[in-house]
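Thank you for making time for this one today.

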Amino acid sequence: MKSKKNNPVSFRSAKEKTPTRLGEMMTDGLATLVLWNFLFILTCIPIITIGPAMAAMSFCTNALVTDDRPQKNGAKLYFYAFKVSFRKAFPLGICFLLVSFSFGAGFFVYSQFASEHVAYMAMSSISLLVLLLFWSVTAHLYPLLFDFEKT
């Protein structure tokens, strides 16, 4: 049997795509980042579109980090990603709002009754903890909607 040579794995393509210095990325894409944040706030004004807006923002920032030079047409890239992610992220955004509303209402109601009985204080704390945990998990789901390949 022939023995295979143990060649080290080359990560050259990953090194070519990531910026060498943080300052280089920030100076090249600072205006684009400001534009994307402004567009993110505008597209989040109707609360039900927060899901597609978060997915589009993660897609755009990933395009900036992988050095695809999206600075020339930043608004076009953002709205393209928003349109593509709308079908995938809209149901997730509606579920996000419903669950957030239910735990938020529970926290509000339990905190109103907390002065009457100590058990309501514990239930209020648990509702707030679950709400924060849910938000942190959901915020990590939106970037997974894209496979981060150019289509």
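Let me start with Ser 100, which has its place in helix α4. Please keep in mind as we go that this is a predicted model. Is Ser 100 buried or exposed? Its relative accessible area is 12%, and because the limit for calling a residue buried is under 20%, Ser 100 counts as buried. If we leave aside the neighbours within four places in sequence, the residues in contact with Ser 100 are Leu 131, Phe 134 and Trp 135.

The axes of α4 and α5 come within 8 Å and cross at roughly 160°, which makes α4 roughly antiparallel to α5. The crossing of these two helices is left-handed. Sorted by class, the contact of α4 with α5 has 15 nonpolar and seven polar residues, and no charged ones.

Staying with α5 for a moment, Ala 122 has its place in that helix, and with a relative accessibility of 40% Ala 122 counts as partly exposed. The C-alpha atoms of Ala 122 and Tyr 110 are separated by 8.6 Å, the two residues being 12 apart along the chain.

Now to the other partner of α4. How do helix α3, residues 50-65, and helix α4, residues 74-112, cross? Their axes come within 5 Å and cross at roughly 135°, which makes α3 oblique to α4, and this crossing is right-handed. Among the residues making the contact are Ile 50, Pro 52, Met 57 and Phe 59 of α3, together with Leu 77, Phe 82, Phe 86 and Phe 96 of α4. The residues of this contact divide into 17 nonpolar and three polar, with no charged residue.

Finally, a word on confidence. The protein averages a pLDDT of 77, and 74% of the residues score at least 70. Among its elements, helix α5, residues 118-141, has the highest mean pLDDT, 87, whereas helix α1, residues 12-17, has the lowest, 50. Over residues 7-14 the pLDDT is below 50, and beyond near neighbours in sequence that stretch has zero contacts in the model.

Terms used:
Residues numbered from 1 in each chain as written. Predicted model: local features only at pLDDT ≥ 70, side-chain atom pairs only at ≥ 80, totals over all residues. Heavy atoms only, no water. Axes fitted to C-alpha atoms, helices over the stretch in contact; angles between N-to-C directions. Helix = DSSP H or I, 4+ residues; strand = E, 2+ residues; numbered from the N terminus. Parallel < 35°, antiparallel > 145°, perpendicular 65-115°, else oblique. Left-handed = near helix turned anticlockwise from the far one by under 90°. Contact = heavy atoms within 4.5 Å. Nonpolar A, V, L, I, M, F, W, Y, C, P; charged D, E, K, R; others polar. pLDDT = per-residue confidence, 0-100. Buried < 20%, exposed > 50% of the residue type's maximum accessible area, 1.4 Å probe, protein only.
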